Amino acid sequence: MLSLLIAGSLVSGCSQTTAQPQAEGTDHGGIAGGAPQVPKDPPRAADVALTAGASRASGGVVVAGAADASYNYGPTVMVENGRTRIWWCSQYSSAPPPGDDILYAEGPSADGPFTGPGGGAPPAVLSGAPGNFDGMHTCDPSVLRVGGTYFMYYTGAAGDHALGNAIGMATSPDGIHWTRSNGGKPILGASHDVHRANVYGAGQPSVVFLDGWYYLMFTDTTGRAAGWNGAGQFVIRAHDPAFREGVEALGEKGFEPTATTAAPRTRSVVDAFSVDLEWVGALDAFAIAHETADGTTITFWDRDFTMQPYKPVVLPGAWKEGPGLVRRPDGHAPTSVSDPCDLVSLDVVRATEIGPAGAPSGLKHFGLDVKGAGGCSTPTRSTATFDGVAMPSPDRMIDLYRRGERIRIDRRSVASVLAGELVDRPLPQVPEVPVKTRLRSGATIVHAYGRGYGMVLDGQLYGLPDTTIVSLNGSGVQEIDPQQWDGAARGLPLGG
């Protein structure tokens with residue numbers, strides 16, 4: 001392996017592959033990558049009507065804190081390896097300091113039943129850190145998994161002070177035990193463009209991982225483009241999950257580089273508080289869930305937030321605050337195994353009542369299906385529909401579909417970490433894509449100081465999101481010179 005690198009022959013084809021309770025009143029392993037390399041489709045039509053049906057709702061509350069947890073809201077919901085995981089905002093007196101805590105539970109579906117890990121009461125997994133920006137409150141979680149690392153973005157505040165909210169980040173190997181990132185400092189605060197009567201500040205994050213970018217949507221009541229009441233949602237993106245470098249902000253001319261996450265907020269994509277974001281491959285669009293008079297409204301934007309390809313749809317029913325979309329680990333909508341090209345399930349968990357503490361509670365599940373996606377209508381759309389999906393191959397291995405390429409992986413455990421989603425059976429609607437490369441058991445992983453980790457497959461270097469697959473794949477790690485890394489022919493980032 002190292003001789004290949006020294007010889008400079010890393011070239012060829014590749015891979016294996018509240019805070020104030022409500023707003024109303026390292027480089028990651030060389031995973032950066034561009035958009036899928038597929039032919040461009042003609043311009044899309046706007047405001048296409050989707051057919052909605054199969055409306056559903058849970059019979060009652062699906063999850064709540066135990067003991068003295070008098071409110072429950074602001075959930076983030078992840079479908080992962082056959083279980084549904086949920087983190088949300090509540091408060092336990094047993095979890096000091098006094099203030100908002102983030103609780104965790106898991107269950108078989110969005111309808112529950114949910115319990116803490118191994119049964120029992122849901123535990124508090126993140127609470128305030130006295131002396132820091134989030135010294136009293138941690139709330140509004142948004143959780144992703146990229147590779148084997150879980151990222152939680154959350155609202156933090158040192159107390160109930162004007163403009164005291166900011167967004168922090170923590171990481172975890174399992175989604176339960178969390179370590180604050182960025183030295184315990186916030187990754188984003190209020191821009192202070194305009195000071196309004198609403199003094200909430202910045203918070204309520206929602207994050208999606210797509211094409212090597214972390215997209216962060218958030219509330220900032222001081223943003224220039226926020227409404228008179230502070231409502232509005234702003235978007236930044238970066239290849240760095242902590243948004244320390246390479247940040248781009250969505251403005252009137254699209255995404256543009258910015259030197260700071262506090263740059264002026266010149267464009268809002270929806271007039272709302274406490275929203276959630278997901279990427280829907282079959283629709284080739286972002287979906288934003290936000291509360292309106294009739295329930296949770298889902299609005300859609302294309303990949304660059306330049307046009308709205310579909311008309312909004314509404315999940316009716318009672319609500320009080322904060323829908324959490326049911327998403328796969330990378331923040332994408334789960335794939336329909338019955339009709340992946342045309343059917344999309346939109347599901348949320350949201351607070352439906354005001355609890356005894358005068359804050360939102362009563363978390364219930366609501367959902368519906370939409371048809372008319374046309375997810376396999378062109379090669380570009382098929383690439384988007386199946387991006388990040390893995391499934392059994394004919395030879396008892398796993399095929400990962402990544403940006404129009406098919407990567408064969410020997411071990412299911414490795415595929416489950418690298419894929420956004422692992423389905424249990426082959427989907428016949430997947431286009432016939434030749435196997436680009438194979439990720440074999442024991443294949444050597446390379447590391448270059450200051451660059452990250454990767455694998456050389458068929459002469460190309462594929463970036464890895466973290467070191468999780470080293471043990472899962474039975475691999476060793478070989479050190480290489482950073483110049484060799486920089487001069488290598490690149491395959492796709494295996495983490496998305």
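Modeller: Strand β2 pairs with strand β19 (residues 321-327) in the parallel sense, over two bridges, where pairing requires at least two DSSP bridges between the strands. Within this pairing Met-78 has Arg-327 of β19 as its bridge partner. The model is a predicted one, in which local features need pLDDT of at least 70 and side-chain atom pairs count only at pLDDT 80 or more, while totals for chains, interfaces and linings use all residues. Residues are numbered from 1 along each chain as its sequence is written, and side-chain values use heavy atoms, with hydrogens and water left out.

β2 itself covers residues 73-80, and seven of its eight residues are buried, so the strand is largely enclosed by the rest of the structure; buried stands for under 20% relative accessible area, with exposed over 50% and partly exposed in between, for a 1.4 Å probe and protein chains only.

β2 and β3 also contribute to a pocket: together with β20 (343-354) and β25, they are the elements that give two or more residues to the lining of the second largest pocket. A pocket is an open set of points on a 1 Å grid over the protein atoms alone, with protein on both sides within 12 Å along at least five of seven lines, and lining residues have an atom within 4 Å of a point. The volume of this pocket is about 620 Å³, taken as the space filled by probe spheres set on the grid points. Its lining holds 30 residues, and those nearest its centre are Val-79, Glu-80, Pro-334, Thr-335 and Glu-421. By class the lining has 10 nonpolar, 11 polar and nine charged residues, with Asp, Glu, Lys and Arg counted as charged, Ala, Val, Leu, Ile, Met, Phe, Trp, Tyr, Cys and Pro as nonpolar, and the others, including Gly, as polar.

From the lining, Glu-421 leads on to a further set of strands, as this residue of β25 is the bridge partner of Val-389. Strand β25 (residues 421-422) and β22 pair in the parallel sense over two bridges. β22 (residues 389-392) also pairs with strand β23 (residues 398-402), in the antiparallel sense over four bridges, and here Pro-392 stands opposite Ile-398. The hairpin of β22 and β23 has five residues between its strands, and Arg-396 takes a positive phi near 65° in it.

Against β22 and β23 pack the buried residues of α2, contact being counted for heavy atoms within 4.5 Å. Helix α2 (residues 379-386) is mostly covered, with seven of its eight residues buried, among them Arg-381, Thr-385 and Phe-386. After α2 comes Gly-388, whose phi is positive, near 85°.

Technical notes: 1 Å grid on protein atoms, 1.4 Å probe; cavity = no way out; pocket = protein on both sides within 12 Å on 5 of 7 lines; lining within 4 Å.
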